[in-house]
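Student: I'm new to this kind of picture. Could you walk me through it, one feature at a time?

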Amino acid sequence: MTHQIAMMSIELFLAVPMGLEDVVVRKLSSSLCQVATEIHYSLGSGYVIVVLPAIGTLAEEGKDVVFKTLSDLVDHPPLCIFSAHVSLGSIHVPRVIFKDPAELLALAKQKFRLNNHPSMQEAQPSRESSSPLATTTSVVQVDEKETSLHWEQALAVLKLVSPPSFTDRMDESLSTENSNDKESDPVRFRASFDRGDIQHKGVRSQDIAAALGSLAGDRFPRWKVNLTEFDVEVIGRWIQDVEETDRVYFKEVSASNTRKRARTDDDGEVETARLGTTGQSEVQPSQQMESGSKRMQVGITLPLALSACPYRFRPKDGRTSLRMEIAYTLVGLADPKPGDIVVDTCSGVGTIPIIGAAHYPQCLFLGSEILPPNVERANENSREMMGRVDLARIEGCRPQPQPQQPSPSQNSRSHSRPSLILGDAKAVCLRSSSVDLVISDLPWGQRESSHLSNCKLYPKLVKEIIRMLRAGGRAVLVTGERKLLQRQLDAPFAKPYLRVVEKREITIGFKVVAFELVRL
Ligand SMILES: C[S@@+](CC[C@H](N)C(=O)[O-])C[C@H]1O[C@@H](n2cnc3c(N)ncnc32)[C@H](O)[C@@H]1O
Ligand SMILES: *[C@@H]1O[C@H](CO)[C@@H](O)[C@H](O)[C@H]1NC(C)=O
């Protein structure tokens, strides 16, 4: 079956923290970037697209590298991604149709099911035809031409990274023999749809999911729907106009020198490179959403071994605790340097300092939090998770190759636990100018506290940050109280001391803003 993925490039779409796509790309510096022919994203889309080369065009060695890359991604998924999917294809959805639920579903069914009218294919060149080999290849079976979804290719990739037991059942479910005898263990599947933050009045995601599900069901009559336990997940998502028309393109082609430089450059330069390729620095997402059409992309979810990562899950959640993936990527945005003292003065259950200590063992991480129960949870999380980290020395979620098993004492020395203490962000127990970096997810109206209490908190909190930070020190502050924080930064007590380097909208359940600041 592998020959069917021979001549087409493999497109993966990775779900990542929204608004931090560029950081994710920097973080994917491991094997994925070594192999990808193309990586692109649109800031705020929540997805990074990774294109792997057409396996058939590669020498044996190259093939092995691609296979290994795929299984690495599945066995050790980097913490900056939530999920990964192999693209089956995408269709263009005109605006009028996007707004009409019935038409939308009809369109999806029609285009995704039987798309074998040559005229239609010419009129609507599908996205994957950008791979010049895709349309000319002769290895694609006749079957495959009847649908605009590249099932064979995606299933072949899925099989590559799945255990043999799954592969056998999959082959059985695909075999054309009429084995009515015993449907021993049918392949179970479900379909889902990620609307992201696209407003889509009148069209429910579950209806689109159901439509996709019926497509899969028609295509693979032996598969059984099972929403809770499934082997195959068919997933759809919207691709914004911005991604199509103003695609921010991050070139990470195989020239390893270029890649290394991009990785070590400071944020500013990477940013320039990125904007340079688009020729347009500011995209107004809201305007883009109003205008015109969308694409619908469909893919198959890869079975990432999420639980293999020692800190994707924490024992104690708080009411406002950040997802680990977001915290990890946020720390990546702040980019601590060796030797840095990094402080979170609103540390909740300790997410940011724990993730930081695990990934930046050459830095010292401190968290303080005003609610005693949170501090307790934070320390429990730290004990548990840092313990796991010590067992799996890591970069992202990848265990380092271990020539010999280091003794526990060696391990515990290499990863010091963060200090997670009780404290008030309005009066921090640290000397002035003693901190290099503050990374904080501040309290803000929605889920805790109130706007009123924040109005009292923020001025003092900002003053403390100014006091703690050394000259040249930096801060990344996340808040839903954008205006309130901006007001403090504009105030006479702060303006001469803190410069705003960047503000970016990110999504942590709600749309919030991450402020990147430098202490002058
Ligand atoms: C948005 S939450 C941070 C959650 C944290 N990132 C986590 O993952 O658990 C803000 C935290 O600030 C704490 N907080 C509120 N006022 C504070 C203050 N004056 N000093 C320190 N922490 C405070 C809240 O109790 C809450 O845990
Ligand atoms: C889904 O699969 C599980 C495990 O095989 C089974 O117990 C359950 O009944 C199935 N659900 C449906 C709706 O078929």
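Student: Which residue has a polar side-chain atom 2.9 Å from a nitrogen atom of ligand 1?

Tutor: That is Asp 424. Keep in mind that we are looking at a predicted model. A polar contact here is a pair of N or O atoms within 3.5 Å, and ligand 1 has others to look at. An oxygen atom of ligand 1 is 2.9 Å from a polar backbone atom of Leu 322. A nitrogen atom of ligand 1 also lies 3.3 Å from a backbone N or O atom of Ile 370.

Student: How much of ligand 1 does the protein bury?

Tutor: Begin with the ligand on its own: ligand 1 exposes 600 Å² when taken alone, and the protein buries 94% of that.

Student: How many residues surround ligand 1, and which are the closest?

Tutor: There are 22 of them, and the closest are Leu 322, Val 349, Thr 351, Glu 369 and Ala 425.

Student: Now ligand 2, please. Which residues are around ligand 2?

Tutor: Look for Arg 188, Asn 226 and Glu 229. A polar side-chain atom of Arg 188 is 3.0 Å from an oxygen atom of ligand 2. On its own, ligand 2 has 360 Å² of accessible area, of which the protein covers 35%.

Student: How do I read two packed helices?

Tutor: Two packed helices are described by the angle between their axes and by the distance between those axes. Take helix 16 (residues 324-334) and helix 17 (residues 351-359): they pack at about 65 degrees, with their axes 9 Å apart. The crossing of helix 16 past helix 17 is right-handed.

Student: Which residues of helix 16 and helix 17 make the contact?

Tutor: Helix 16 brings Met 324, Ala 327, Tyr 328, Leu 330 and Val 331, while helix 17 brings Thr 351, Ile 352, Ile 355, Gly 356 and His 359. That contact has 7 nonpolar residues, 3 polar and no charged.

Student: At what angle do helix 20 and helix 21 pack?

Tutor: Helix 20 (residues 451-468) and helix 21 (residues 482-490) pack at about 35 degrees, and their axes are 10 Å apart. Helix 20 passes helix 21 in a right-handed crossing. Contact residues include Tyr 458 and Pro 459 of helix 20, and Leu 485 and Leu 489 of helix 21.

Conventions: Residues numbered from 1 in each chain as written. Chains lettered and ligands numbered in written order. Predicted model: local features only at pLDDT ≥ 70, side-chain atom pairs only at ≥ 80, totals over all residues. Heavy atoms only, no water. Near = heavy atom within 4 Å. Polar contact = N/O pair within 3.5 Å; in protein donor to acceptor, adjacent residues only side chain to side chain. Areas by Shrake-Rupley, 256 points an atom, 1.4 Å probe, with all protein chains shown as cover. Axes fitted to C-alpha atoms, helices over the stretch in contact; angles between N-to-C directions. Helix = DSSP H or I, 4+ residues; strand = E, 2+ residues; numbered from the N terminus. Left-handed = near helix turned anticlockwise from the far one by under 90°. Contact = heavy atoms within 4.5 Å. Nonpolar A, V, L, I, M, F, W, Y, C, P; charged D, E, K, R; others polar.
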